[in-house]
There are 2 protein chains.
Amino acid sequence: MTARSAADIRRGNLFEVLRRVSVGGPLSRQDIVTASSLSMATVASIVSELIQLGLLTESETVRRATGRPLTRLTVNPAFGLFIGVDVAETYIHASLFDSAFDARAEEHMAVVDPVGDPAGVVQQIGELVRRLSDRANGDQVRGVGICVPGLVDDADGVSVFAPNWAWRQVPVRRMLAEQFSHPVHLDNPLRALVVSELWREPGLGGKNLAVVNLGTGVGAGLAFGGDLYRGTSNSAGEWGHTTVVLDGWACRCGSSGCIEAYVGAPGLLRHLQEADPGHRALRLGQTEAITELARSFSAGDPAAVAAVQAGGRYLGAGLGSLVNVVNPDAVVLVGWVSDLLGDALLAAARHDAESHALVRPLAAVDFSVRSGVGNPVARGAATFALEAALTHDHTEGTR
Amino acid sequence: MTARSAADIRRGNLFEVLRRVSVGGPLSRQDIVTASSLSMATVASIVSELIQLGLLTESETVRRATGRPLTRLTVNPAFGLFIGVDVAETYIHASLFDSAFDARAEEHMAVVDPVGDPAGVVQQIGELVRRLSDRANGDQVRGVGICVPGLVDDADGVSVFAPNWAWRQVPVRRMLAEQFSHPVHLDNPLRALVVSELWREPGLGGKNLAVVNLGTGVGAGLAFGGDLYRGTSNSAGEWGHTTVVLDGWACRCGSSGCIEAYVGAPGLLRHLQEADPGHRALRLGQTEAITELARSFSAGDPAAVAAVQAGGRYLGAGLGSLVNVVNPDAVVLVGWVSDLLGDALLAAARHDAESHALVRPLAAVDFSVRSGVGNPVARGAATFALEAALTHDHTEGTR
DNA sequence: TGATTAATTCCAATGGTAATAATAACCCGT
DNA sequence: ACGGGTTATTATTACCATTGGAATTAATCA
């Protein structure tokens, strides 16, 4: 019942076609038909609309030994630019993409106020967006996507609740309107990770997916049938607070025994401390400590190996449980801790994941670590902005 | 992307209308429009098709003070009968429903062969179906739905894998064809529980739902957006094997620390044994033991109260985790253990569920115990049969 | 006749199927 | 060597079923 009307289906199919071309390079209409489950008629109609909107262009015509020549389609990077902003607890990262989703520029900033006063943070967001806009070389910025932790309400443009800073009902969009005039889409990082992955791997269309984020906190974003799943209160996927040890380590959520307490960055460092209380990584700040942990692990440092093994056990049990409930096609690990330690953690987790998961769900799932995409939250945020802009143009066009 | 074509939407809307009328008693087309999110045109078109198929009848015309009189619609119970069969580890339960889903008759049988030889079990199923058919009073039986634990493949009519009996690729439909000639739909009990609940509470259309089954084993069935979610390998919802204590009690799945090990019937009895090794319930068979546990609990027996409290803690942690990941509108407890102890267990679980779940998902969810529906698996199985018959008639009709 | 509510009909948009058009290499006969 | 027919492949068009919304018709009473 996700799609309730013909218009919903149209919208989904439109994005499907765009994703295919965006990732798969130049494609003919025929290529899209074979790759997707759409009919030729539908593809032709959607392509003609996307060309009319200026998002696709016919790039080349190819003659084969026989038959009518095919015309290949490309995303037109000049359609416009999109900015994605990842507002995290300690930093704000912003990326500028063209419509073909090539990153044009990036900006990074530490959050100056540790308490996260809304006015100050919004000021910083505005600064980053302005800097990137200045680097647009005259191309039009058509939208800005912003991801803030916690619960957000895009319709109202409000951050309803951000746990780390105790934000309540912060009207982000209204406040940003004084900083710049681009349309703003507000969302949550876990959702952004999912759309980032869905646009990156168009083969995931129609599939069930869990994107697991490993960072200071841990969580998962879910997609069912190729569609982002938000849950009833837009907060689905809080897998990091699955109880893995009843009455176990305290978690910053206030409960105890959560996966996050054992696998989040502080949890990994606690494992390290238990293995070697005097380990040099423990004297560093969190980011540097995890970097050092990764370096020590690679060097074969026994305490680092023990810490990763310990963390991996809990991660494995948690992944097994997730796979049992969700029964996905793919589980993808992302996040800054995953960038540094993902392969090691997944290797350490695999045995427990496989022993805790049931045979059938386990056989269906593919675990992997996603790396080298820059900041996937910023990318997903920009994708939201593109989707919003396109929905707008699309519905305007048919009026 | 659940619905990819107009036909899928039509099918979903058709069931939506039928569910509304089936549960909500006589309804006018207007009533259906206001209750559902369908347009008047769609409702009118679907109603006329359902009348043509013989499933709905215009039952009465009502004049109000002003305006055109309305005509109320009722499900025509004479459309046909459906049989649902719940094949469990120790018993087989079969129910006969008319198309308005009033139960006409029930049959129950213990599984004679503890090893569950396929031929013998199928023979028993056939016997029950024949007995119910004999009680149809000449009305046509239009379909039989059968639920077998484990993984089933309805398209081929095969039980791919049943854990308790070590069934492998048992061609149930083909074997049953020698017993009776009604169309057979094969499915899994957890899925049946979901459709049973969705048809019972039409307000759940479009909602996210988890149906938690408490029995010898425990598990959950999921629905997203009002649609049954099967997962990638038709095995989603194996929440009973979520790890709640790393390296905890052994579970019959081969792993350890699963919720099922602590909350399934054997787990509850183990809690009882830890509280009072000589408790009289422990000398009984499982079903009688749980019945006795429930009776002792009601009588205030300290050991029974302690056992329920202990089990409830694990159930609560598990429910909290489920709510965090799935973020559903409703969690409904069903199953034979739930029938006996559901209210007590839920009360004992509530505190832990609320402390382990995050604020937002917790605020969105409504926990409840469903009782008094007879055997909901059999009901769901019959619902599958109705859906199958209707899909068949519907597509035939438009040819 | 007007008001009011219920149900039907019409319309534009959409997707899928199937028929049709477009296009160019190849083949064959002259 | 050249021209027309053949064939293979790609893209477009026509047609039907569907939905939601708007306009219309239906049925009743004041």
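By class, the surface near DNA strand D holds 9 nonpolar, 8 polar and 6 charged residues. Near means that a heavy atom of the residue lies within 4 Å of the strand. Ala, Val, Leu, Ile, Met, Phe, Trp, Tyr, Cys and Pro count as nonpolar, Asp, Glu, Lys and Arg as charged, and the others, Gly among them, as polar. This is a predicted model, in which local features need pLDDT of at least 70 and side-chain atom pairs pLDDT 80 or more, while totals for chains, interfaces and linings use all residues. Residues are numbered from 1 along each chain, chains are lettered from A, and side-chain values use heavy atoms, without hydrogens and water.

Around DNA strand D

- Of the 23 residues that surround DNA strand D, the closest are G67(A), R68(A), R10(B), T42(B) and R63(B).
- A side-chain N or O atom of T42(B) is 2.3 Å from a phosphate oxygen of DNA strand D.

Helix α3(B)

- α3(B), a helix (a DSSP run of H or I, at least four residues), has 14 residues.
- V43(B), I46(B), V47(B), E49(B) and L50(B) are the buried residues of α3(B), buried meaning under 20% relative accessible area (1.4 Å probe, protein chains only).
- These lie on the same side of α3(B) because they cover an arc of only 165° around the axis, taken from the directions from the helix axis to the C-beta atoms.
- On the other side, A41(B) and Q52(B) are exposed, that is, over 50%.
- G54(B), with a positive phi near 95°, follows α3(B).

Key:
Polar contact = N/O pair within 3.5 Å; in protein donor to acceptor, adjacent residues only side chain to side chain. Helix = DSSP H or I, 4+ residues; strand = E, 2+ residues; numbered from the N terminus. Expected span 1.5 Å × (residues − 1).
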